Amino acid sequence: MNLTIRHITRYRFEEPVNFGLQQLRKTPKSRHSQNVLRWDTSVAGGQQSLSYTDHHQNTVDLIEIDRGAQELVITCEGEVHLDDNHGVVGRHLGPAPLWLYRRVTPQTKAGQGVRALVRGVSGDTELDRAHALMAAVAEAVAYEVGTSESDWTAEEALSAGRGVCQDHSHVFIACAREMGLPARYVSGYLMLDHTTEQDAMHAWAEAHLPGLGWVGFDCSNCISPDQRYVRVATGMDYHDAAPVRGTRQGGALEALDVEIEVAQQ
Amino acid sequence: MLGKTANGLFWMYRALERAENTARLIETGQRIALTRMGASDEEWRSVLQTAGTLDGYIADHEKVTKDAAIDWLLRSRDNPSSVLCCVEQARMNARTVRTALTGEVWEAMNGTYMRVKEVLARKVSERDLPQVLGMIRQRTGLVRGATHGTMLRNDIYDFARIGTFLERADNTARIIDVKYYVLLPSVTAVGTSIDNVQWETILRSVSGQGGYRMEYGASSEPRDIAQFLILNRRMPRSLSFCAHKLRDNLGFLGSDYGERAPSFAKIDHIDRAYLSLDIDAVFDYGLHEFIQKMLLLLGDLGRQIEVDYRFYE
Amino acid sequence: MNDQVYFDEMLGTEGTVRRPYQPFNTWFEGEDPKHLRAKQREAEDLFRLTGITFNVYGRAEAEERLIPFDIIPRIISGREWQKLSRGIEQRVRAINAFLYDIYHGQEIVKAGRLPEQMITRNDAFLPEMIGTRPPGGVYTHIVGIDLVRTGPEEFYVLEDNARTPSGVSYMLENRETMLQMFPELFSRNRVQPVSTYPGDLYNSLAACAPEGLGRKPTVGLLTPGIFNSAYFEHSFLADEMGVELVEGHDLRVEDGRLCMRTTLGYKPIDVLYRRVDDDFLDPLTFNPDSTLGVPGIMDVYRAGNLTIANAPGTGIADDKAIYSYMPEIVEFYTGERPLLENVPTWRCSDKESLAYVLDNLKELVVKEVHGSGGYGMLIGPTATKKELAEFRKKLEARPGNYIAQPTLSLSTVPIFTKSGLAPRHVDLRPFVLVSPKGINITPGGLTRVALKKGSLVVNSSQGGGTKDTWVLED
């Protein structure tokens, strides 16, 4: 299946920007069941000044906002071929060692909530347990848009009992690491059945299982990713895999507008 | 050169010049107080005003007294223009731009700081005052001398000089601003002893008595004093002299950098439109208005230099 | 402990003047102590005037202090130095190979020579450096190896400094001061020069510039600012190298390069000798609250457009827990036996070691794994009962945070006191430069001396002083 994706992010600033940088992780990965046929990032109100591959094999682009700009528009557009692999991404490739994904980060730190959730998870194999964990997370944290904060930790989402895909992923990752499994955060696109227009990217988690390698778990939809899922960036948590990290001098943000289109070709 | 370095050099030399000028103002005030019958503490009010710190002083003190004024001007931590604060500021800037200075300049600056800090650690008694003030003038002169004698004539030197002369011009303009009325051609009181005192004060504050005599002879005329302080091109503390130096150094920067900055146009304008007049034209313009205009233009020039040479982001 | 016999580098253990010190001793005996005392004061005035001071952490600018300077040089023979420098070179080569490996294949872990936790649980390990090859392949452009001596032939490495070793300005200024005060000493002794260091440093840094520049690289030195304790050294080195001394707010990323704000606009820097810690280097990638660094600098670095010296993440190599594995590390990467010995070290994370350490606390030195500057350290033989008890609690609570070492019989070198020469304990920090062109070790280094009688703590923050260090041409 081929998906076409168009993702426009439009920033408007109250006053002209004096200086600003944006670190983008917005280019989908070509790996296994996913092949990027074409991908293009264009910027208005800034310039793409460098690009490199980070330790999670993400493509990172650095955008410099033009001095005096009052608007910045980043357009990513392309086509990705996908095969259904039932969420199996496969063998771990470097350069980051697998153990890195066992490390706890501030957003995925296990506390009482995480440990309690882990205690309730059972199954014969690691794969069974991971699936059980996905179900447990989905049950513990209700999917509710607009009720969580973007800097919430896994524990905060658990005690609130609600959140979005980011929170689901953090809780899953925290639990998986607590269970001794390497786990990571994935940001990406998901083709929806009823509409091509969306206003946010999606996120899910991956755990590294014996014999299978990396396997995806989308707690928000309670399935392992199929050919509707486009993997863009991976990392230890949201902060590490975030599509945009930025810094600015001057130019308070006035409006942020996101348009995403994901369509089957 | 880093914009920060240009900034540091500018302020190092500005602060040093200010420390010296403040010391000279105190000396003058003290001299008047000692030599004139009936001189009142009110004289110190105008000294404070000339040093640009009267408002700060009043916010901190109930009334103007000689002792408090001298202490405020010399060593108060609450007065950013006190000699002690200026020397500290100069030395801190020198540390920031240490790599732009020769070892000799740095050592002269650091030595000055160490000595001034030691001497001004305690209140200075009236008996020690002349010595202390002399030391301050000598020490700042030492830094200037090391600068002249050891520094390359490049952009580093230019920024050092620009700081010096902008501060000096500002200082001379403030002296005239506070006492302008005694220089006005007045129908009464010309040549009275009161005016003589005031004229002497003005000349002393710029170490200009000797120079004045060489240029104009022994008798003090307000018109001549005004000419001397504003337009005389040989007098190293006159507005015209300072403006010339500023124009020279901004010009050197322009040729060094291959491009004249807007600040050059500004100093050129100040020089041509205001300091190439004769003294009658200054009085026609209005002495007070003229000096006010000068202070405004010098302030504006300083800000333009900051922008032109990227002192700050 | 005072009845213990220490090896004195001037008088040996027998009290006869050792060969390297003989010409010096002859000179010294002909000098009037009063005259020397005057010289000692003169030296201090000179240091103060030159501004060779360090700022005390957490205090105002007024607190600039001198590091006491002692006029008696520490003298090392050419033969002794040759042996030492071979060992230092081997060790530094191994440290660089180790860093490359840790941030790439981690072969040493796979080979079972280093436990995985030494890396996985180490805060100094920077994931962002995984897979990044620094320009020129060099991680530690500047290394300081702290050495101690216990006998004529016995040297031990006490600590490796692979992040931002400081003190080299004291090495240079101490020599300058001695040359000014006692020129006659240098005509009697053939002392190998140290003054080439700034030039060597510059060349070494420039040789590590990103490839394909097509012009002479621009080098800059990044300082946290004038209130940093080592600011004098930063400005001194920038001055001696003829490079710009920059702070975070002088820099920004422009056109994919690191640029500094000059009077003529933003100009690129190719090699940044930074004296700012990893965590503060880039608020976009690391500590978002840092104002000392430059947002985006790590992106420029990872794209290969900048050399950062030392490379981020080198702290993993000078961690005290890693230190205990240095013999294995040297062997693994060089295939040779280590020429320089480690001080025997007990890792308190190990149960048996911990038990030994707790049983013998009074004889041992206990150090925090990540500590520096002599803080958070226990010296058993001189500690009070209360201190011992407190440390015992700390050890039991967080054993993995500590290592322990025997109290070495550190050698002494005389210092000049009111009552003549008196032996004091010393260490030595030679400075090593690494570039693709090779490894360069300045003969000598910084000798730190514990001025208090019997004290073993040489850190300047704890009342230590310094000496000029001579390596003789044999």
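Predicted model: local features only at pLDDT ≥ 70, side-chain atom pairs only at ≥ 80, totals over all residues.
Residues are numbered from 1 along each chain as its sequence is written, chains are lettered from A and ligands numbered from 1 in the order in which they are written, and side-chain values use heavy atoms, with hydrogens and water left out.

The interface joins chain C and chain B, with 29 residues from chain C and 27 residues from chain B in contact (heavy atoms within 4.5 Å). Together the two chains bury about 2,400 Å², of which 49% lies on carbon and sulfur atoms; buried area is the accessible area, taken with a 1.4 Å probe, that two parts lose on being put together, summed over both. L49(C), R261(C) and T263(C) supply 30% of the area that chain C buries against chain B, more than any other three residues.

Between chain C and chain B there are 4 salt bridges, each defined as a side-chain nitrogen of Lys or Arg within 4 Å of a carboxyl oxygen of Asp or Glu. In one salt bridge, the side chain of K4(B) meets that of E247(C) at 3.4 Å, N to O. Several elements of chain C each supply at least two residues to the side that touches chain B, including α2 (33–50), β9 (257–262) and β10 (265–269). Helices (H or I, at least four residues) and strands (E, at least two) are DSSP runs, numbered from the N terminus. The element giving the most to this side of chain C is α9(C), with 5 residues.

In chain A, 4 strands form an open antiparallel sheet in the order β4-β5-β2-β15; two strands pair if DSSP finds at least two bridges between them. Because β4 (46–53) and β15 (244–249) of chain A stand at the edges with a single partner strand each, one side of each is left without a neighbour in the sheet. β4(A) pairs with β5(A), residues 59–65, over 7 bridges in the antiparallel sense. Within this chain, Q48(A) has I63(A) of β5(A) as its bridge partner.

Two backbone features remain. Most residues other than glycine have a negative phi, and most peptide bonds are trans. C222(A), which is not a glycine, has a positive phi of about 55°, and C222(A) is found in the loop between β13 (213–217) and β14 (229–235) of chain A. In chain C, a cis peptide bond with omega of about -10° joins A309(C) and N310(C). N310(C) lies in the loop between β12 (307–309) and α12 (320–323) of chain C.
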